[in-house]
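Here are a few exercises to work through with the model open beside you. Try each task before reading its solution.

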Amino acid sequence: MQTFDYKKEYKDLYLPGKDPVLIQVPPMHFAAVEGEGNPNDPHGEYKTALELLYAISYTLKMSYKSGQQIEGYYPYVVPPLEGLWRMADGSPGVDYANKSGFCWISMIRLPEFVTPEVFDWAKEEAMRKKKLDTKKAYLFPLEEGLCVQCMHLGSYDEEPATTARMNQFLTDQGYREDFTGQRMHHEIYLSDPRRAAPERLKTVIRHPVAAIK
């Protein structure tokens with residue numbers, strides 16, 4: 001059976017161009033962990049969250065090797081890490097100069113065959129095999145709806161230049177940003193910052209939008 005790769009099958013979601021475009025994002029569900037603080041803190045919550053997300057994601061991917069028969073299972077490439085970001089003080093968007101004030105939801109997309117029961121099994125299995133506390137991980141449904149997105153090339157600290165272009169595009173098209181509830185600043189990480197130089201990082205930036213009335 002051919003291995004399913006979400007990035008290749010849904011290029012409109014994961015491989016946009018460098019120019020902003022509008023996109024209707026379908027509902028999806030994720031393995032998710034919430035936290036606060038600077039993601040660059042080597043002793044912070046973010047590092048632990050990523051370890052937990054990857055442990056659960058690869059437990060699901062390799063479930064067939066453990067003898068676990070999951071209905072509807074198909075071989076797949078684990079999708080890229082994603083993150084929803086906002087500020088703890090409630091201000092819209094993100095302030096890159098105040099990373100300690102970040103609130104975030106780190107997440108990895110799950111295949112459609114992952115039910116709540118299957119997710120709970122994966123948490124328990126990851127806890128047993130990896131000796132991790134998986135209580136903070138949860139199954140997260142997300143419906144973003146209409147968004148603007150584009151590919152950002154370069155370091156994360158240079159993202160404001162890209163989001164400024166996105167905002168200008170929205171104004172020209174008769175739209176505005178619409179940060180509400182789960183609709184936050186959204187990043188999809190296509191590069192590993194441990195291996196790629198900052199100027200070569202590829203990150204999809206996605207913002208929720210609404211029409212200007």
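**Exercise 1. Find the residue that stands opposite H186 in strand 8.**

Step 1. L84 is the one facing H186 across the strands. Two strands pair if DSSP finds at least two bridges between them, and strand 3 (residues 81-87) pairs with strand 8 in the antiparallel sense over 4 bridges. Helices (H or I, at least four residues) and strands (E, at least two) are DSSP runs, numbered from the N terminus.

Step 2. Before going on, a word on the model: it is predicted, local features need pLDDT of at least 70, side-chain atom pairs count only at pLDDT 80 or more, and totals for chains, interfaces and linings use all residues. Residues are numbered from 1 along each chain as its sequence is written, and side-chain values use heavy atoms, with hydrogens and water left out.

Step 3. Now look at strand 9: strand 8 pairs with it too, again antiparallel, over 4 bridges. Here Y189 stands opposite T203.

**Exercise 2. Work out which residues of strand 8 point one way and which the other.**

Step 1. In a regular strand the side chains alternate between the two faces of the sheet.

Step 2. H185, E187 and Y189 go one way, while H186 and I188 go the other.

Step 3. Check burial (buried means under 20% relative accessible area, exposed over 50%, partly exposed in between, with a 1.4 Å probe and protein chains only).

**Exercise 3. Describe the surroundings of E82.**

Step 1. E82 sits in strand 3 and is buried, with a relative accessible area of 1%.

Step 2. List its contacts (heavy atoms within 4.5 Å). Leaving aside neighbours within four places in sequence, E82 touches, among others, Y14, F30, R109, H186 and Y189.

Step 3. Pick out R109: 27 residues separate it from E82 in sequence, yet their C-alpha atoms are 8.1 Å apart.

Step 4. Turn to H186, whose side chain is joined to that of E82 by a polar contact of 2.6 Å. Such a contact is a pair of N or O atoms within 3.5 Å; within protein, one must be able to donate a hydrogen and the other to accept it, and residues adjacent in sequence count only if both atoms are side-chain atoms.

**Exercise 4. Decide where the buried residues of helix 5 lie around its axis.**

Step 1. Helix 5 (residues 159-173) has 15 residues and reaches 21 Å from first C-alpha to last, close to the 21 Å expected. The expected span is 1.5 Å times one less than the number of residues.

Step 2. Its buried residues are E159, T162, T163, M166, F169 and L170.

Step 3. The face turned away from the buried side carries the exposed residues A161, T171 and D172.

Step 4. The buried residues pack against several strands, including strand 1 (21-25) and strand 8 (185-189). After the helix comes G174, with a positive phi near 85°.

Terms used
The arc is that of the directions from the helix axis to the C-beta atoms.
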